[in-house]
Amino acid sequence: MQYLHYTLPNGLRIIHMPSDSTVSYCGFAVNVGARDERSDEEGIAHFVEHMIFKGTAKRHSWHILNRMEKVGGELNAYTSKEETFIYSVFLNEQFERATELLCDLVQNSRFPDNEIEKEVDVIIDEINSYRDNPPELIYDEFENMLFHDHALGHNILGSEESLETFRSESGVGFIRRWYRPENMIFFSTGNIRFEKIIRILEKLFTVSSGAWSGHERTAPGIYVPAHQKVDKDTHQGHVIIGNRAFDMFDRRRTGLALLNNILGGPGMNSRLNISLREKRGYVYNVESVYTPYTDTGIFSVYFGSDPKKIDRCVDLIHKEFKILRDKALSSSQLEAAKRQIKGQIGVSSDNRESLTMGMAKSFLQYNRFDSLEEAYARIDALSASELLETANLIFDESKLSSLIYV
């Protein structure tokens, strides 16, 4: 997990992890997402991510889509609340081909008018698919509850009304405002010499740095817990319970990540899975999620069940919260929890796409990427008393919000 990094004179940071694999990944990570949109442009970060593949000064959409596909590679992108990724996976010998295409996309996209209407229709279909999918929709609406009237609460996809106002100049303006070398990194993994990567980017990425005020993100206001029950006329009930949590720079985030893993992480032995599914058969799926942002975070528990069993499930969840608040983990429980999450991190690091994306996101926010040993050391340093304090802060019933679809 050793990596190399370099900053071009224009401010673009480059990070590369050498690998013996015949397959490479590379792309741009941009420090902009849905929370950075102005009030009159909700959904534009995601719209730009879609439209960036629809034409540049020298390529039509068909040429863009075929550029990597015809050599067996892939081109992809995603948008979150705080970042946008545009990247490719390909055989090592196609590195310069992929990098030239990616540089063209982030520097020269033109947002042709004839493509906008089609892509707006595509995104509206995406919005409607979410509306038809309660387990996905409930997360968006819950974030809107926790961050009411704040950009973090906005749906990444935007709305039909906002999308229909976007024009070519909307996308071009957003690119010029945010896709700047100081606000981006280029990341790669593969069997390619780092000197070659630098030389290629010096030639291809020519955007100049300039006067830029940087990010002016406004932190969410005071949090007031809320509780809503919404009639969705669905066969299954859907419930989410949660709280605001630590931001990505808070030292307590590691402890909360461990507690989240114990409570409702991906392991089938999570306490909520054992209690709600294995012992009682109340749910097919129950999970907890901790998502840190730059100045806040979210912790939540989600489950779907027969509406008649919702109250029993909620009571069991609060029972597990209370256990973690009232009693510190024993030394054997703590060591087992640490061993499990370290194993999960190690296994995840063997997935090269997951490793590459994690490296890029870490470098984008922290300007570093920790080794497995450093990650393990932070976990090993956690104490039972520290976790007990975190549990009492985050799992406090008086601070929890809830959203129920029935």
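**Ground rules**

I number residues from 1 along each chain as its sequence is written, and my side-chain values use heavy atoms, with hydrogens and water left out. Because the model is predicted, I ask for pLDDT of at least 70 for local features and count side-chain atom pairs only at pLDDT 80 or more, while totals for chains, interfaces and linings use all residues.

**Entry 1: aromatic pairs**

I began with the rings of Phe, Tyr and Trp (its six-membered ring), which pair if their centres lie within 6.5 Å; planes under 30 degrees apart count as stacked, over 60 as edge-to-face and the rest as tilted. My search gave 14 aromatic pairs. One of them joins Tyr 78 and Phe 85, with ring centres 4.9 Å apart and planes at 15°, so I logged this pair as stacked. For burial I used relative accessible area (buried is under 20%, exposed over 50%, partly exposed in between, with a 1.4 Å probe and protein chains only). Tyr 78 comes out partly exposed at 28%, whereas Phe 85 is buried at 0%.

Next I looked at Tyr 139 and Tyr 302: the centres are 5.8 Å apart and the planes stand at 40°, so this pair is tilted. For the elements I took DSSP runs numbered from the N terminus (helices are H or I with at least four residues, strands are E with at least two). Tyr 139 belongs to helix H5 (residues 134–146) and Tyr 302 to strand S10 (residues 297–305), so the pair ties together parts that are 163 residues apart in sequence. Tyr 139 is partly exposed at 22%, and Tyr 302 is buried at 5%.

I also noted one aromatic cluster, formed by Phe 28, Phe 90, Phe 95, Phe 186 and Phe 205.

**Entry 2: charges over rings**

Which lysines have a charged end over the ring of a tyrosine? My test was NZ of Lys or CZ of Arg within 6 Å of the ring centre and within 35 degrees of the ring normal. Lys 232 sits over the ring of Tyr 405, 4.9 Å from its centre, and Lys 342 over the ring of Tyr 376, at 5.6 Å.

I stayed with Lys 342, which is in helix H12 (residues 331–349). Contact here means heavy atoms within 4.5 Å. Beyond its neighbours within four places in sequence, Lys 342 is in contact with Tyr 376, Ile 379 and Asp 380.

I defined a nonpolar core as a set of buried Ala, Val, Leu, Ile, Met, Phe, Trp, Tyr and Cys residues joined through side-chain atoms within 4.5 Å. The largest has 50 residues, and Phe 28, Phe 47, Ile 86, Tyr 179, Phe 186 and Leu 201 have the most contacts inside it. Helix H3 (residues 95–108) gives the largest share, 7 residues. Leaving out neighbours within four places in sequence, Phe 47 touches Ile 116, Val 120, Ile 123, Leu 163 and Phe 166. A second, separate core has 38 residues, including Ile 241, Tyr 282, Leu 329 and Leu 400.

Why did I call H3 largely enclosed by the rest of the structure? Because 11 of its 14 residues are buried, among them Phe 95, Glu 100, Cys 103 and Asp 104.

**Entry 3: cysteines**

I searched for disulfides (cysteine sulfur atoms within 2.5 Å) and found 0 in the whole structure. The closest cysteine sulfur to that of Cys 26 is in Cys 103, 8.4 Å away, too far for a bond. Cys 26 is buried at 0%, and Cys 313 is buried at 0% too.

**Entry 4: loop residues**

Most residues other than glycine have a negative phi, so I checked for exceptions. Phe 111 has phi near 50°; this residue is in the loop between H3 and helix H4 (113–131) and is buried at 0%. Asn 367 has a positive phi of about 60°; its loop runs between helix H13 (352–366) and helix H14 (372–380), and Asn 367 is partly exposed at 44%.

My last stop was Ser 270, in the loop between helix H9 (253–264) and helix H10 (271–278). Is Ser 270 buried or exposed? Ser 270 is buried, at 2%.
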